[in-house]
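Please look over the sequence and the structure shown here before reading the report.

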Amino acid sequence: MLAIVSDACSVVSSRMVLLKGVDKDGFVWYTNYESQKALEISENPNASLLFYWDGLHRQARVEGFVEKVSDEESEQYFHSHLRGSQIGAIVSKQSTVIPGRHSLCQEYNDLEAKFSDGSPIPKPKQWGGYRLKPEIFEFWQGQQSRLHDRIRYTPEVVDGKRLWKIDRLAP
Ligand SMILES: Cc1cc2nc3c(=O)[nH]c(=O)nc-3n(C[C@H](O)[C@H](O)[C@H](O)COP(=O)(O)O)c2cc1C
């Protein structure tokens, strides 16, 4: 789950996104750069991610700063999708009000016919990825009698070296 605070009206909004990549640079997902979340990120790039594993009774919270991934990364990922998903990404003017499902289906069918010769489907310019660069992590592990473990990692600089300060929090 991704949560963002819109600066314009100081309200918080959250939604699920599919995590497509994680490495030392951060957490990557793909979306529409003209969606509500994109507008909010452009106003305030601070965001939080929440992961929950029911079976393991585990939660991970990540807070950080969001930036766009490179055009090359977005381009590569877009073309790794099935053609149907590529067309769907073009059709959806994400977060806008639409008259009904029929308008999506109509546009989808038109584009499917247009690209039925198998020619490459161009990535729409408003479609691409974001990367959250983590600043704070918190790992939660459920334990007996509500005595859960909560371990928070915050960055600190010691003798010029960037290290993690590790604290245990009350559950
Ligand atoms: C399981 C799940 C995964 C989703 N993954 C994505 C995703 O990767 N990218 C995306 O834009 N929306 C994804 N969505 C839809 C978003 O939750 C949301 O409805 C959409 O991005 C519009 O959000 P916005 O209007 O706040 O911008 C997903 C929804 C669910 C339930």
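## About the model

This is a predicted model, in which local features need pLDDT of at least 70, side-chain atom pairs count only at pLDDT 80 or more, and totals for chains, interfaces and linings use all residues. Residues are numbered from 1 along each chain as its sequence is written, and side-chain values use heavy atoms, with hydrogens and water left out.

## Around the ligand

An oxygen atom of the ligand lies 2.7 Å from a polar backbone atom of Met 16, and an oxygen atom of the ligand is 2.9 Å from a polar backbone atom of Leu 18. For Gln 94, an N or O atom of the side chain is 3.1 Å from an oxygen atom of the ligand. Taken alone, the ligand exposes 620 Å², of which the protein buries 60%; such accessible areas come from the Shrake-Rupley method with a 1.4 Å probe, and for residues only the protein chains shown count as cover.

In one of them, Glu 67 pairs with Lys 133, with the closest N and O atoms 3.6 Å apart. This pair links distant parts of the chain, since Glu 67 is in strand 6 and Lys 133 in strand 7, 66 residues apart; helices (H or I, at least four residues) and strands (E, at least two) are DSSP runs, numbered from the N terminus.

Glu 73 and Arg 131 also meet through their side chains in a salt bridge (2.7 Å, N to O). Glu 73 lies in helix 2 and Arg 131 in strand 7, so the pair ties together parts that are 58 residues apart in sequence. Buried means under 20% relative accessible area, exposed over 50%, and partly exposed in between (1.4 Å probe, protein chains only). Arg 131 counts as buried because its relative accessibility is 10%, whereas Glu 73, at 27%, counts as partly exposed.

Terms used
Polar contact = N/O pair within 3.5 Å; in protein donor to acceptor, adjacent residues only side chain to side chain. Salt bridge = Lys/Arg side-chain N within 4 Å of Asp/Glu carboxyl O.
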